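The following report describes a structural model from its folds and chain contents down to single residues. Please have the sequence and the coordinates open while reading.

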Amino acid sequence: MYALSQPHAGHGRHLLFGLLLLSACGRKPSASPSKRALGPKVGASASESATKGSAHVAVKLAALDSDQDGRWDQLAIEWTIKAGWHIYWINPGDSGIATKVRMQGASEALFAPARLPAPEHWTSPGGIVGYGYSGQTVFFSQLLDPSRPPNRVDLKLRWLVCKDSCLRGSKTLQWTAPDKAEQWTAQSKRAWARLPKTSSALRAEHHWRARQPSGSTLEIRAQEGEFVEFFPLENDAGLQSAELDGATLSLHYRSPHELGEKKQAQGIVGLRVSSAVEYYPVEFAWP
Amino acid sequence: MYTHQQIRFFTLCVALSFTAACKSKPADSGSHKGNIAAQAPAKPIFEDALQAVLNQKAPQKADNKPYGCSVKYAADAPAPTQVAQVGQAAPDFELQDLQGKSYKLSELKGKTVILEWYNPQCPFVEYAYNEGPLRGRAKKSDDKVLWLNINSGAPGKQGSGKELNIKLAQALGVTQPVLLDESGTVGRTYGAKTTPQMFIIDDKGVLVYRGALDNAPLGKVKG
């Protein structure tokens, strides 16, 4: 697996990155969630019908308004992970398993799939690379019709939490939703700010070129800024290595005839423009 | 206000990975994982590879990505001087099992040797033995095949220690030898990253498979 960063954007920063998998389909969230909360915090409650392995992971739900229209449109799933432990991104890396969010019952049709902030990365002894979250993070699931907010949200969460050992955990929640949007927490703002834009928003040129003796390289050149980190998606595409060199990102793959069917985008890239790092899906047609 | 059809379209569109498919009408359906009622059967990747090897054929996807817990190596273990490569001679090693019996790979030529990286407290391993593809399967060593579990967990890490391994081998029904590699030297040499991770060494001593048990971590088939 590859967790690549330029030296000045290294592990120590533990940047959170937004994985906006699917944003092109939904309403565009506002550029910043840093607006004031709309209305007083309303006491929503959740019951947990089934919980296991939660000693290292706490989860809280919140209803947030991302476009300042006075209605909540985002279900925030706020994770607090015990110090030293981590849960996993959708591509867990060399080990682990993706954290899963699954709406249940009537809620399934009311929300878009959860958007996960893209991960921190780490390397464990033995060169084992992982992508995930430590400390606090927030996943977001968009309410498809904010004009008709549900009174109740049902969902199930599953995770693997690891440190020197790994433990499975799951939680089934029946959450009584508030009437009004709740306060954005600092952690929600941080996670939201790091959600990737749409793939089409990445202003970059790309081309594929053959490599010798075999393989293909996807070379991406940003029109502005410099690439600072790349997170591959788990797409069985045979990524062998990736190189970040300023405005150029090069992804080296095995020979196309060995790759089989590729269903997903290549990954998520962090692009620093001025002092801010923004995140984009890397999604180009495969050769 | 969204109509029911709009919501359905939206949901489907969202499920199609990333943006491209969302910009056009949905051409297919059923790709929203949350809506799949019955998952496809798991692909027994390792089993298929083993059968191919026993039939003197090359396995497909001979070097694939495994899943599982990370191998709990010691943090200060030295880098290996040799790294195993699929298609090349398997690096020799000698390790002892829980009863003190030594196994030296170079003395096992003529047999197909399966190496299973193992941590009896890893949830993926527990699942594999209690409910999953290793339930009963790993006991089938015979004259042609020798199945060895290797635990490269450092002392103090999850699943490490002789006594614990003896106890948990019984609990999981592990009857094949469990070799302890507490220094992590053999694990690092073979590039073992997860538990469970499977390796097959053919009867000529060539590493011919390194990868996953199947495509279903914890019984959930990966798309």
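Gly126(A) lies in the loop between strand S9 (120-124) and strand S10 of chain A; helices (H or I, at least four residues) and strands (E, at least two) are DSSP runs, numbered from the N terminus. The model is predicted, so local features need pLDDT of at least 70 and side-chain atom pairs count only at pLDDT 80 or more, while totals for chains, interfaces and linings use all residues. Residues are numbered from 1 along each chain as its sequence is written, chains are lettered from A and ligands numbered from 1 in the order in which they are written, and side-chain values use heavy atoms, with hydrogens and water left out.

Gly126(A) is partly exposed, with a relative accessible area of 28%. Buried means under 20% relative accessible area, exposed over 50%, and partly exposed in between (1.4 Å probe, protein chains only). Leaving aside neighbours within four places in sequence, Gly126(A) is in contact with Tyr73(B) and Arg188(B), where contact means heavy atoms within 4.5 Å. Within chain A, Gly126(A) and Gly93(A) are 33 residues apart in sequence, and their C-alpha atoms are 13 Å apart in space.

**Chain A as a whole**

Chain A has one helix and 20 strands. Of its 287 residues, 56% are buried. Among contacts in chain A between residues at least 6 apart in sequence, 71% join residues at least 24 apart. The accessible surface of the chain comes to about 11600 Å², and 47% of that belongs to carbon and sulfur atoms; the areas come from the Shrake-Rupley method with a 1.4 Å probe, and for residues only the protein chains shown count as cover.

**Nonpolar cores**

The largest nonpolar core has 38 residues, and those with the most contacts inside it are Leu75(A), Ile77(A), Trp79(A), Trp89(A) and Leu155(A). Such a core is a set of buried Ala, Val, Leu, Ile, Met, Phe, Trp, Tyr and Cys residues joined through side-chain atoms within 4.5 Å. Among the elements that give two or more residues to this core are strands S5 (74-81), S6 (87-93), S12 (152-162) and S16 (226-232) of chain A. The largest share, five residues, comes from S12(A). A second, separate core of 36 residues includes Ile114(B), Leu134(B), Val145(B) and Val208(B).

Leaving aside neighbours within four places in sequence, Ile77(A) is in contact with several residues, including Val59(A), Leu61(A), Val101(A), Phe139(A), Leu155(A) and Leu157(A).

**Aromatic pairs**

The structure holds 23 aromatic pairs over all chains. Rings of Phe, Tyr and Trp (its six-membered ring) pair if their centres lie within 6.5 Å; planes under 30 degrees apart count as stacked, over 60 as edge-to-face and the rest as tilted. Trp89(A) and Phe231(A) form an edge-to-face pair, 5.8 Å centre to centre with 65° between the planes. Trp89(A) lies in strand S6 and Phe231(A) in strand S16 of chain A, so the pair ties together parts that are 142 residues apart in sequence. Trp89(A) is buried, at a relative accessible area of 0%, and Phe231(A) is buried at 0% as well. Elsewhere, ring pairs link Trp79(A), Tyr133(A), Phe139(A) and Trp159(A) into a cluster.

**Disulfides**

A disulfide is a covalent bond between the sulfur atoms of two cysteines. Here it is assigned to a pair of cysteine sulfur atoms within 2.5 Å. The structure holds two over all chains.

| Disulfide | S to S | Torsion about S-S |
|---|---|---|
| Cys162(A) to Cys166(A) | 2.2 Å | about 115° |
| Cys69(B) to Cys122(B) | 2.1 Å | about 90° |

The torsion of the Cys162(A) and Cys166(A) bond makes that disulfide right-handed, and the Cys69(B) and Cys122(B) disulfide is right-handed too. Cys69(B) lies in strand S1 (residues 69-70) of chain B and Cys122(B) in the loop between strand S4 (112-117) and helix H3 (123-130) of chain B, so the pair ties together parts that are 53 residues apart in sequence. Cys69(B) and Cys122(B) are buried. Cys162(A) is buried at 1% relative accessibility, as is Cys166(A) at 1%.

Helix H3(B) is mostly covered, with six of its eight residues buried. Among them are Phe124(B), Tyr127(B) and Tyr129(B).
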